[in-house]
Amino acid sequence: MKPRPFSAESKTLALGLLSASVVILLTAAFALPPGAHAGPPGASSTQPPTYLPSISDMMIGTIQPRHERIWRAEQAGDWNFAAYELGNLRGAFGRLGRAHPMEEDNPFPDMIESVIQKPLGDLKVAIDRRDDADFGKAYDELSDACNSCHQALNHGTIVIGRPTGASLLDLVFDKAGR
C-alpha cells in the first residue's frame, strides 16, 4: 500500500498545531510564575529571602537562656547538664560572631572571643571539678564580661547577673539517668 500525500488542509492544520505548541512552550519557559518578581540584578528569583537574626534576637533567644540554664543546672547539682549547656553557650557565641562579623566597625567574633575566652575556660574547669565555689566565681566573671561588652557597645542598660527567684524553665534537672 502506497502512502497518500498530505492534503493542503492537513498541512495547514499540522503547521498551525506545531506553531501553537511552540508558542505555548516558549511562554511557559520564559514566563514568571505568579507572585515572582524580578529582584536586584544578579539575584535569583528562585532563592527565598534569607532571615538573619539580629544580635539582640540571638542574645535573647540563644545566649541568655543558656547562660541562665548553666546557673540553674549547677544550683540543682546537675553538673552534666551544666557542662552540656556550657558547650552550647560557646557554640551560640560562635554562631553569633559568624552571623554578625562586624559590629560598630570592629570584628565582632574577635570581640566576643576576647571577652568570653577566660570566663568560659574558668567555668569549664569549675564544672569539670564540680566545685561550687569556683563555679560561682567563674559564673560572676562571665556575667561581668557580658556586661563589659554591653557597655562597650552602648547597651549598658542590659545587665546580666545571677538568676533570682523561681525559674520559668520547664527543664527537669538530674532526671536523665534515673
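What percentage of contacts in the chain between residues at least 6 apart in sequence join residues at least 24 apart? The share is 61%, where a contact means heavy atoms within 4.5 Å.

The model is predicted: local features need pLDDT of at least 70, side-chain atom pairs count only at pLDDT 80 or more, and totals for chains, interfaces and linings use all residues. Residues are numbered from 1 along each chain as its sequence is written, and side-chain values use heavy atoms, with hydrogens and water left out.

Five helices and two strands make up the elements of the chain, in the order α-α-α-β-β-α-α from the N terminus. These are DSSP runs numbered from the N terminus, helices being H or I with at least four residues and strands E with at least two. Of the 178 residues, 28% count as buried, that is, under 20% relative accessible area with a 1.4 Å probe and protein chains only. The chain exposes about 12400 Å², and carbon and sulfur atoms supply 60% of that area; the areas come from the Shrake-Rupley method with a 1.4 Å probe.

Grid points are joined across faces, edges and corners, and a volume is the space filled by probe spheres set on the points.

The largest pocket has a volume of about 370 Å³. Its lining has 16 residues, with Ile55, Ser56, Met59, His150 and Ile158 nearest the centre. Helix α2 (55-75) and helix α5 (132-152) each supply at least two lining residues, and α2 gives the most, with seven.

There is one cavity of 30 Å³ or more. The largest cavity holds about 90 Å³ and is lined by Met59, Phe93, Ile112, Val115, Ile116, Cys146, Cys149 and His150. The elements giving two or more residues to this lining are α4 (108-129) and α5.

Two of the cavity-lining residues are Cys146 and Cys149. Cys146 is buried at 12% relative accessibility, and Cys149 is buried at 13%. Their sulfurs are 7.8 Å apart, too far for a bond. The count of disulfides is zero, a disulfide being a pair of cysteine sulfur atoms within 2.5 Å.

Notes. Buried < 20%, exposed > 50% of the residue type's maximum accessible area, 1.4 Å probe, protein only. 1 Å grid on protein atoms, 1.4 Å probe; cavity = no way out; pocket = protein on both sides within 12 Å on 5 of 7 lines; lining within 4 Å.
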